[in-house]
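Visitor: I'm new to this one. Can you walk me through a few spots?
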Amino acid sequence: MKKITFLLLITVLLLFSNKADAQTLTFTSDGGTVWDDGIANDGEGGSTDISGLVIEIFNVDDALTNIGELEWKSAADLANSNLFPGLTTFVGPSGANGWKGQTIKEASGNEFQINGFEWYDWGNNNSQPMTVIGFKNGSEVASTAFTGNSNPNSVVVSLGPDFDDVDEVRIITTDGTGSTYPSINNIEIADTVLSSESNTLISSKVFANNKKFVSNENQIYLEVYNLLGQKLENYNLCRGIYIIKATLKDKKTAVFKSYLK
């Protein structure tokens, strides 16, 4: 009876710990010299440091590459009327002609969930058409569109469940090239959400054995992390709860918690 109660308790703990609370990245100051490469990370500029992820945000040109310029600007700098500050630049790749948009990605290619963001085009007030595209392992997995501001006020963009399991998000203008002046803030990030089919497919083939995690199928690649998000060697593990990332040969992945007795 005690063993059954203990297993039920572990199950309940796992169910609740797997439900991630979203965290909002709100940048309140400039990152200084750490942004000399044109990239802002979570935890910089007064934002929240998200455990287990390194979120990168940068401006991109027509080729979708980092333009190498990024700054935090206040609402007064951006000349909006609803007190919105954001990440942008006043030094575009081609003078005053704007640029293609912005990218949000995880530095190591780890998956995350993005629920939305606040956005403001400080150079256009013309209902600029924009596209948001989500990628995973280099393949497009989600896409949606929104209309930019038609006045000096930021717009809030909400993203649906298609963006629950991505490793990169591009926010780009769909009206010509190099014609937007974007600023972004209040980016809502959470742990990736996997479909039950994907999670069942992979986790059912992974089990703990002889102080390590193994699979009954040799085409599954396993990575083991502790609860702090630190990657571990998959041998001589102590008893406890671990985070397992399993990747199939078709690049489908699942992340789940597992207990090593």
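Visitor: Which residue in β16 does V224 stand opposite?
Guide: V224 stands opposite L232 in β16. Keep in mind that this is a predicted model.

Visitor: How do β15 and β16 pair, and over how many bridges?
Guide: They run antiparallel, with two bridges between them. Strand β15 covers residues 221-225.

Visitor: What order do the strands take in that sheet?
Guide: The order is β16-β15-β17-β18. These four strands make an open sheet, and the pairing is antiparallel.

Visitor: Which strands stand at the edges?
Guide: β16 (231-232) and β18 (253-260) do. Each has a single partner strand, so one side of each has no neighbour in the sheet.

Visitor: Where does S127 lie?
Guide: S127 is in the loop between β7 (112-121) and β8 (129-136). S127 is partly exposed, with a relative accessible area of 34%.

Visitor: And N186, what is its phi?
Guide: Phi of N186 is near 55 degrees, again positive in a residue other than glycine.

Visitor: Where is N186 found?
Guide: N186 is in strand β12, which spans residues 182-191.

Visitor: How accessible is N186?
Guide: Its relative accessibility is 26%, so N186 counts as partly exposed. The partly exposed range lies between the buried cut-off, under 20%, and the exposed one, over 50%.

Methods
Residues numbered from 1 in each chain as written. Predicted model: local features only at pLDDT ≥ 70, side-chain atom pairs only at ≥ 80, totals over all residues. Heavy atoms only, no water. Pairing = 2+ DSSP bridges. Buried < 20%, exposed > 50% of the residue type's maximum accessible area, 1.4 Å probe, protein only.
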